[in-house]
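Subject: Structure handover

Hello,

Here is the structure I promised you. Please open it and keep it beside this email while you read.

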Amino acid sequence: MRAALSFAVFCLAATVAGSRGAGDEVLARPGVGLAAAVQHSLSTQNKTAPTHSSAAQATHQVVAGGREVENKKHLVDENSWKNDLVLWMLPADVRSRLPRVAQTWFRCWVMCMALYFGVGCLWAYYAYFAFGDKLFKQGQIPVFKDMWEQMKVSFIGMPLYAMLPTLTEFCVEQGWTLAYGRVDDVGLARYTLYFVLYMISVEFFVYWQHRILHMGVGYKWLHFIHHKYNKGDQMSPFAGLAFHPLDGIMQALPYSWTLFYVPMHFLTHEMLLFFTSIWTTNIHDNVHAKIAPVMGAGYHTIHHTLYNYNYGHYFTFVDRLFGTLITPEELEEKKAADAAAAAAAKAQ
């Protein structure tokens, strides 16, 4: 007990002594001038600076770690909420036995089917039945047999398509990516900057994934399934997801791997990923909206008929950069020039 009290008194004395200024200690010594005291004080501060720096660094690491934990918790809670939006249809005892990753996969599969069939049916109704006589010439509207085949191919692939967002969400919840949960965490300016950088990466790599799928084995084994619909009257909104499953996943992969090197709001990422289901519906309907530099249906119809042009995703920039862009207007001019040349040759 006495030893403990003595140690406590020693610690208290050391604390009080340590609180005295170094300059005070030096000035208390006989025969030491003010200049020497100042020099000693500066020297002591320089020796203790690394300690203060280490403490600040440790504090920063604790704060950063706390933010990371909070971000992961927010993402997990948000993903659970998204599961609740869909999994209410399952009995409670069935859902409780499903692993979290299975719940996420089921949610993604259901949402993929709802978007594909819901948007596709609405699009087909308005494009072909409500306004078909205004948008298409006779014989240009695809027949039901082709649309039904496209729906079957898409339906078979959807369970596998849903695996990509499921795996991506798992990686995000583990903290392996740079995804964040709240816009407030980075501010609107950085959110916008990160969004632009993210989309640049997606545009660039979707272009090259698509272009690679037109080379050799990629086309022979995978992409040819989608290019069976190579005429305007065979393409429909339902052709948008009519891929070999591996083909569809490869073209969507840039959305996921970009999260590993570009900070991105995760809910925005998921909305963009599922928006591709709507976008592919749009670019396969053969209605050219003329809103360049957007890579609309007019551009994509050229891709299906000429094969080696217009690989881009949302915009024409990457095709223009690599010399694979043909606009619908340029193609019409070329056809007119070829027709005039043929007529002139025939007249001679």
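How many residues does helix α7 have, and how far does it reach from its first C-alpha to its last? Helix α7 runs over residues 144-161, so it has 18 residues, and it reaches 25 Å. That is close to the 26 Å expected at 1.5 Å a residue. The expected span is 1.5 Å times one less than the number of residues. Helices here are DSSP runs of H or I with at least four residues, strands are runs of E with at least two, and both are numbered from the N terminus.

Some ground rules come next. This is a predicted model, where local features need pLDDT of at least 70, side-chain atom pairs count only at pLDDT 80 or more, and totals for chains, interfaces and linings use all residues. Residues are numbered from 1 along each chain as its sequence is written, and side-chain values use heavy atoms, leaving out hydrogens and water.

**Helix α7**

Helix α7 has a kink of about 25° at F155. The kink comes shortly before the proline P159. The bend at a residue is the angle between two fitted axes, one for the seven residues ending there and one for the seven starting there. Several residues of α7 are buried, among them M147, M151, M158 and Y161. Buried means under 20% relative accessible area, exposed means over 50%, and partly exposed lies in between (1.4 Å probe, protein chains only). The buried residues of α7 pack against α5 (100-130), α8 (163-173) and α11 (245-257). Contact means heavy atoms within 4.5 Å.

E270 is found in helix α12. E270 is buried, at 7% relative accessible area. Its side chain makes a polar contact with the side chain of R107, at 3.3 Å. A polar contact is a pair of N or O atoms within 3.5 Å; within protein, one must be able to donate a hydrogen and the other to accept it, and residues adjacent in sequence count only if both atoms are side-chain atoms. Leaving aside residues up to four places away in sequence, E270 touches K82, R107 and E169.

Now look at the backbone. Most residues other than glycine have a negative phi, and most peptide bonds are trans. The loop between α12 (266-283) and α13 (297-306) holds P293. A cis peptide bond joins A292 and P293, with omega about 10°. N286 lies in the loop between α12 and α13 too. Its phi is positive, near 70°, and N286 is buried at 19% relative accessibility. Y307 sits in the loop between α13 and α14 (317-321). Y307 has a positive phi of about 75° and is partly exposed at 26%.

**Aromatic rings**

How many aromatic pairs are there? The count is 22. Rings of Phe, Tyr and Trp (its six-membered ring) pair if their centres lie within 6.5 Å; planes under 30 degrees apart are stacked, over 60 edge-to-face, and the rest tilted. Y207 and F322 form a stacked pair, 5.6 Å centre to centre with 20° between the planes. Y207 lies in α9 (residues 188-212) and F322 in the loop between α14 and α15 (328-347), so the pair ties together parts 115 residues apart in sequence. Y207 is buried at 0%, whereas F322 is partly exposed at 33%. Ring pairs also link a cluster that includes F204, W208, W257 and Y311.

Best wishes
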